[in-house]
Structure formats: C-alpha cells, structure tokens
Amino acid sequence: MRVIAGAARGVRLTALPGEAVTRPTQDRVKEGMFSAVQFMLEGARVLDLFAGSGQLGIEALSRGAARCVFIDENREACVVVRQNLKAAGLFEKASVAGQGAAQYLSACREQFDLILLDPPYRRDAVAAVLPAVAAVTAPGGVVLAETEYGAPLPERCGCLVLKKQYKYGKSAFARYEAETPLEDGAGAEAAP
C-alpha cells in the first residue's frame with residue numbers, strides 16, 4: 001500500500017495485520033476515487049471517517065488538501081494512522097481521534113469539503129451513517145463512500161444527492177454531492 005500521487009507519492013504505508021480491523025482500499029479504487037475529486041482537493045477540509053490505516057486521508061493531503069481529521073474507533077489503527085502521517089511528512093496537517101463515527105459526528109461542529117467513508121463491509125453501514133455525515137458536509141462538498149458492490153444506498157440523504165456509483169470487482173464507491181441552498185430551491189428569490 002502506497003501514496004499514489006502528490007507530494008508524498010510513493011511513500012509506503014502500513015496497516016494493521018488482517019482484514020478484521022482494516023481493509024486497505026486497492027490502488028485502482030483509490031485512483032478512481034481521487035480522479036473523481038481531483039479539481040476540488042487544493043485547500044480542502046477533509047474528514048477520513050473509519051480511517052483504518054489513514055491511506056485515503058493521506059492521499060487527499062498529499063494531493064493538496066489543507067487539513068484532514070482521521071477518525072477510527074480502534075486505538076491501534078489510530079497509532080498506525082499517526083505513523084503513516086509521519087512517514088508521509090503530513091503529520092502537521094492532521095488530527096487523529098480514537099472514537100466511533102456516530103460519537104464523533106454527533107459532537108462535530110465543523111464542516112468538511114470532502115468526506116471519505118470506508119466502513120467495514122456491511123450492507124447498510126454507509127446508509128446508516130449518511131444522515132449524520134450530511135450534517136457536517138459543507139455546501140457543494142463531496143462524500144466518497146466505499147462499499148461492497150450491491151450495497152443499498154439512498155438516492156438522497158439530507159443535502160446529499162447520489163451523483164454516480166463506480167464498480168471495481170467486489171468493491172464499489174459512491175459519489176454524493178451536497179446541494180447548495182440555491183440548488184435545492186431553499187435560496188433567495190431571483191432578482192427582478
């Protein structure tokens with residue numbers, strides 16, 4: 001597993017052994033995910049939820065994101081994320097917290113331009129967390145959610161609208177975009 005583009009390109013990253021705790025995203029899936037958001041990464045505020053090894057957030061930082069918050073409930077995974085951030089030279093642009101996604105999201109008071117979701121493969125894991133994710137997604141922001149292929153996903157969830165799904169063998173990822181108030185009809189009336 002490595003950083004595939006940007007300032008930390010080629011840096012090898014580690015993960016906890018076994019897929020019971022972390023399931024690293026394949027390079028081809030990661031490349032597809034970041035191709036979908038390449039023009040919005042510069043200066044972005046990123047949340048890597050279910051961080052695992054931290055590879056997705058580290059990829060975003062390597063490609064120009066301003067900062068990234070890494071959340072994982074497994075304390076050992078958080079240690080690995082910190083090690084990987086140091087190896088990539090990106091530690092100063094990050095914060096890492098060992099807590100569950102729901103707990104973090106319920107207390108979160110900031111908004112993010114890009115949210116990366118890679119929960120354990122359970123057919124409803126992404127759908128279950130999306131309402132809370134929508135609340136912390138900035139207007140015009142993007143949520144990229146990796147799932148097992150065929151996982152049920154809603155077309156809409158709060159401000160989030162499913163724009164596209166991509167399939168990579170047994171894996172897939174969905175791209176949600178947060179509507180801005182003018183897009184969803186809640187904006188100001190048009191000027192005369």
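No disulfides are found in the chain when a disulfide is taken as a pair of cysteine sulfur atoms within 2.5 Å. The model is a predicted one, in which local features need pLDDT of at least 70 and side-chain atom pairs count only at pLDDT 80 or more, whereas totals for chains, interfaces and linings use all residues. Residues are numbered from 1 along each chain as its sequence is written, and side-chain values use heavy atoms, with hydrogens and water left out.

The secondary structure comprises five helices and eight strands, assigned as DSSP runs (H or I, at least four residues, for helices; E, at least two, for strands) and numbered from the N terminus. Along the sequence these elements are arranged as α-β-α-β-α-β-α-β-α-β-β-β-β. Of the contacts in the chain with a separation of 6 or more, 64% join residues 24 or more positions apart, a contact being defined by heavy atoms within 4.5 Å. Buried residues account for 51% of the 192 residues. The accessible surface of the chain amounts to about 9200 Å², with carbon and sulfur atoms contributing 51% of this area, as calculated by the Shrake-Rupley method with a 1.4 Å probe.

The largest nonpolar core contains 32 residues, and Phe34, Val46, Ile58, Phe70, Leu85, Leu114 and Leu144 are those with the most contacts inside it; such a core is a set of buried Ala, Val, Leu, Ile, Met, Phe, Trp, Tyr and Cys residues joined through side-chain atoms within 4.5 Å. At least two residues of this core are supplied by each of H1 (27-35), H2 (55-62), E2 (67-71), H3 (75-88), E4 (112-117), E5 (137-148) and E7 (160-168). A second, separate core of 26 residues includes Leu49, Cys157, Tyr176 and Ala178.

Beyond its neighbours within four places in sequence, Leu144 is in contact with Met33, Val37, Leu114, Ile115, Leu116, Leu117, Phe173, Ala174 and Arg175. Within H1, the buried residues are Val29, Lys30, Gly32, Met33 and Phe34, and the elements covering them include H2, E4, E5, E7 and strand E8 (171-178).

Phe50, located in the loop between strand E1 (45-49) and H2, adopts a positive phi of about 60° although it is not a glycine. With a relative accessibility of 23%, Phe50 is classed as partly exposed.

Definitions and conventions: Buried means under 20% relative accessible area, exposed over 50%, partly exposed in between (1.4 Å probe, protein chains only).
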